[in-house]
Amino acid sequence: IKRRTSSQNTIALQYLRETFSLDSRSLGLFRIGLGIVICYDLLALLPDIDAFFGPDGVYPAYISRWSFDCLVKRLWFRYVLFIINALLAVLLILGYYTRPVTILCWLMAVSLAHRNPLVMFLARDYALILFLMWGMFLPLGQNFSLDSLRKKTGPLITKTFSMGSVGFICSLMMIYLLSGWFKIHPSWNQDLSALNYVFNNKDFVTTAGVWLLQFPSLLKVLTWLTVFIERFGILLLLVPFNRNCIRYLLIIVFCVFHLSLWATTIVDWFALIMIIAWLALIPFKSAAVDINKNKWINGLAGAVLIFMMVCTYKNAEEFFLHTPKSPIFKAARIVGLDFPWRLFSPSPPLVRRHYYFNPPFDLNKKNYRWIFLLNNQTDALMPFLKNYLIRDWNKTNPYQSPITDAIIYSTEEKILP
């Protein structure tokens, strides 16, 4: 009996090692991708730094939960934080003092999101925060990094198995499983018209998405495939045979899936971040499994994983059983782990909100974050938006009579499939 139990334990441990291990070279590519995304995001935010993060912007600092911006409530300090964040992103790309730099990048991402949650707590921001967090527990600097060159032994090619790798893969699976099983609207499961709603929403559709509207039968197939891939495709990561072939297949399928989303909808860099996450699962050959035995790292990663699993359970309980929102999400919000992953769930947007301004402020040139800013507006926050638009209009129209007041009103348009 003892021999049988020992053999079963060995088989179970071997299964866990092979299923939840990550190649150090893949993690190096993953690290470089995260750093590039952070740099791009900072550059994209620069034109709107005054609007989104300035002391007289659309979201004042004093109502932020916490942020480094609250230390000095001046616009120049936000520029300093941007520069620090950019330098940290470059160090992350280079892989120099990788673990502490990853921790600082995660802190800066959470701080920036809390400074203006209306535009920074979007799916792409949550995904970036989530993967940076798990990166703190993984050997991201073991390959393709300055850290590996500084070591006498040089780059080490290994497969890492730890609570960090388990947490990373479980979190990746959780994103798809929640998004898939939360799609319970008839448009996803019965008449398969969900993508018709998405592509008829001018706030989120691209030219490619509009073009696909002329193929209604194809859209039904793509709607079904979307739900199937999210609900069941991701589970293939747990298959105990032909792991390398299955991982390559999943990487191709999900990368094509996200590239299709990127081409047809305005999801900005969420699709790219998810593709970068899949880079961490590339199964390179000739790598021995290295078990991380650091008790502190594994213990902390395990605690985070348990916390996330509890949040996932409470999230599902609230969605399906309509229970009150759990207080645990207040703690999760502080570290940016409270996103419910209800991407176009339970249904795609069925109405579209239009905003009208008098005088007519031009927001057509604004990016997708402005769309979310307007869609997330509340009566309490509307005066801040109005005051900013007035100041911005007077600043950009110096030869016209300054305005002192503005009228903002909205209407809702029902989206037809």
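**View 1. Helix α7 meets helix α16.** Leu130, Met133 and Trp134 in α7 touch Ala301, Val304, Leu305 and Met308 in α16. Contact here means heavy atoms within 4.5 Å. The residues of this contact are seven nonpolar, no polar and no charged. Ala, Val, Leu, Ile, Met, Phe, Trp, Tyr, Cys and Pro count as nonpolar; Asp, Glu, Lys and Arg count as charged; the others, Gly among them, count as polar. Helix α7 covers residues 123–135 and helix α16 covers residues 295–321. Helices (H or I, at least four residues) and strands (E, at least two) are DSSP runs, numbered from the N terminus. The two helices pack at an angle of about 150 degrees, with their axes 11 Å apart. That makes α7 roughly antiparallel to α16. Angles over 145 degrees count as roughly antiparallel, under 35 as roughly parallel, 65 to 115 as roughly perpendicular, and the rest as oblique. Axes are lines fitted to C-alpha atoms, for helices over the stretch in contact, and angles run from 0 to 180 degrees between N-to-C directions.

**About the model.** This is a predicted model, in which local features need pLDDT of at least 70 and side-chain atom pairs count only at pLDDT 80 or more, while totals for chains, interfaces and linings use all residues. Residues are numbered from 1 along each chain as its sequence is written, and side-chain values use heavy atoms, with hydrogens and water left out.

View 2. Rolling a probe the size of a water molecule over the atoms shows where empty space is left. On a 1 Å grid over the protein atoms alone, a cavity is a set of points where a 1.4 Å probe fits but cannot get out; a pocket is an open set with protein on both sides within 12 Å along at least five of seven lines; lining residues have an atom within 4 Å of a point. Grid points are joined across faces, edges and corners, and a volume is the space filled by probe spheres set on the points. The count comes to two cavities of 30 Å³ or more. The largest cavity holds about 140 Å³ of space. It is lined by 14 residues, and the closest to its centre are Met174, Met308, Leu337, Phe339 and Trp341. Helices α7, α9 (163–181) and α16 each supply at least two lining residues. The largest share, four residues, comes from α16. By class, this lining has 10 nonpolar, three polar and one charged.

**View 3. The second largest cavity.** About 120 Å³ of space lies here. Of the 14 residues in the lining, Asp41, Asn85, Ala109, Leu112 and Leu128 are the closest to the centre. Two or more residues come from each of α2 (24–45), α5 (98–115) and α7. Helix α5 gives the largest share, five residues. The lining divides into 11 nonpolar, one polar and two charged.

**View 4. The largest pocket.** Its volume is about 1300 Å³. Of its 49 lining residues, Phe339, Arg342, Leu343, Phe344 and Phe372 are the closest to the centre. Helix α14 (residues 243–264) gives the most to the lining, with four residues. The classes are 29 nonpolar, 10 polar and 10 charged.

**View 5. Threonine 160 in strand β2.** Strand β2 spans residues 158–161 and includes threonine 160. At 3% relative accessibility, threonine 160 counts as buried. Buried means under 20% relative accessible area, exposed over 50%, and partly exposed in between (1.4 Å probe, protein chains only). Not counting residues up to four places away in sequence, threonine 160 touches Phe20, Ser21, Leu22, Pro139, Ser165 and Asp290.

**View 6. Asparagine 116 in a loop.** Asparagine 116 sits between α5 and α6 (117–120). It is buried, with a relative accessible area of 0%. Beyond its neighbours within four places in sequence, asparagine 116 contacts Phe52, Phe53, Val58, Tyr59 and Phe121.

**View 7. Backbone exceptions.** Most residues other than glycine have a negative phi, and most peptide bonds are trans. Tyrosine 97, in the loop between α4 (75–94) and α5, has a positive phi of about 50 degrees. Phenylalanine 144, in the loop between α7 and α8 (146–150), has a positive phi of about 55 degrees. A cis peptide bond joins serine 345 and proline 346, with omega about -5 degrees.
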